[in-house]
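These are my notebook entries on one structure. I set down what I looked up, in the order in which I looked it up.

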Amino acid sequence: NWNNTDVTVTFTCQETFRQVQSCPAPVIVNTDTPRMGRVVTGAAFDTAGNATNRSVTVRLDKAPPVVAITSPPQHDVFNTSYISLDVTASDALSGATVMCDNPALPNIAPAEAPYKYQEASYSCNVFLQDGQNKVRAIATDNAGNQSIAVLDAKREGIINCSGFETISMGGPVSFAARGLTVAGYYRGHYP
């Protein structure tokens, strides 16, 4: 397992047939380890000079992943209920996963991109509400470190043009919805 804070490895020594002469001191791992981890070994000695060794592998990753939304561009305007985000994320040690969401729509489950090691490109869909949105790509590495990229996007509502009760053949048409007035001339025919 990966850790994101300093790790203290403590050894416990018990006598079996002879008294314990020395027990190893705790070892603090406080710098990032290689991807395969750092092996910490301790040796206990009894009064006859016999040694017993124990080892543990520690994986430490304190650095957050790097994440960026590469598409669509900032401040774009959309007329759809969702957009597709292209995201890059990287984490040199423990690897990263990416999740995309819109905090303005907390009842919609976030979209999770598949796990990939180190630098990767991801794509995920995020729902939009009418008006301004701040959608996020959240990269989390296996040690629990997190980085967030934010995209400002605007959704302009789609006008629903249904609900006419009667339209005269060849007559003028005018209706208002959401503060927008649409006027024109109807040239259709009845079914």
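Entry 1

Entry 2. I then turned to the sulfur atom of Cys13. It lies 2.0 Å from that of Cys23, and the two residues form a disulfide. Cys13 sits in the loop between β2 (7-9) and β3, while Cys23 sits in the loop between β3 and β4 (27-29), so the bond ties together parts that are ten residues apart in sequence. For the torsion about the S-S bond I noted about 80 degrees, and the disulfide of Cys13 and Cys23 is therefore right-handed. Cys23 is partly exposed as well, at 37% relative accessibility.

Entry 3. I asked how many disulfides the count comes to. The count is two. The other one joins Cys100 to Cys124, with an S to S distance of 1.9 Å. Cys100 belongs to strand β10 (residues 96-101) and Cys124 to strand β12 (residues 120-127), so this bond links parts that are 24 residues apart in sequence. I recorded both Cys100 and Cys124 as buried. With bonded cysteines counted along the chain, the pattern reads 1-2, 3-4.

Entry 4. Next I examined an open sheet of four strands, whose order is β1-β6-β5-β3 and whose pairing is mixed. β1 (2-3) and β3 (20-22) are the edge strands; each has a single partner, so one side of each is left without a neighbour in the sheet. Within this sheet I followed β5 (residues 38-46) and β6 (residues 51-60), which pair in the antiparallel sense over eight bridges. Thr41 has Ser55 in β6 as its bridge partner.

Entry 5. I went back to β10 and looked up its pairing with strand β13 (residues 131-141). The two run antiparallel and are joined by six bridges. Lys134 stands opposite Asp152 in β14. β13 and β14 make a hairpin with four residues between them, and Gly144 in the turn has a positive phi of about 95 degrees.

Entry 6. Which residues does Arg155 touch, not counting those up to four places away in sequence? Arg155 is part of strand β14 (residues 146-155). Its relative accessible area is 16%, so Arg155 counts as buried, the limit being under 20%. I listed its contacts as Phe78, Thr80, Ser81, Leu128, Gln129, Asp130, Gly131 and Asn133. A polar atom of the Arg155 side chain lies 3.1 Å from the backbone oxygen of Thr80. The side chain of Arg155 also reaches the backbone oxygen of Leu128, at 3.5 Å.

Entry 7. The protein chain averages a pLDDT of 83, and 77% of the residues score at least 70. Over residues 164-170 the pLDDT stays under 50, and the model has twelve contacts beyond four places in sequence for them. Residues 183-191 are also below 50, with 17 contacts beyond near neighbours in sequence. Where pLDDT is low, the predicted coordinates should not be read in detail.

Methods:
Residues are numbered from 1 along each chain as its sequence is written. Side-chain values use heavy atoms; hydrogens and water are left out. Two strands pair if DSSP finds at least two bridges between them. A disulfide is a pair of cysteine sulfur atoms within 2.5 Å. Buried means under 20% relative accessible area, exposed over 50%, partly exposed in between (1.4 Å probe, protein chains only). pLDDT is the predictor's confidence in each residue, from 0 to 100. Contact means heavy atoms within 4.5 Å. A polar contact is a pair of N or O atoms within 3.5 Å; within protein, one must be able to donate a hydrogen and the other to accept it, and residues adjacent in sequence count only if both atoms are side-chain atoms.
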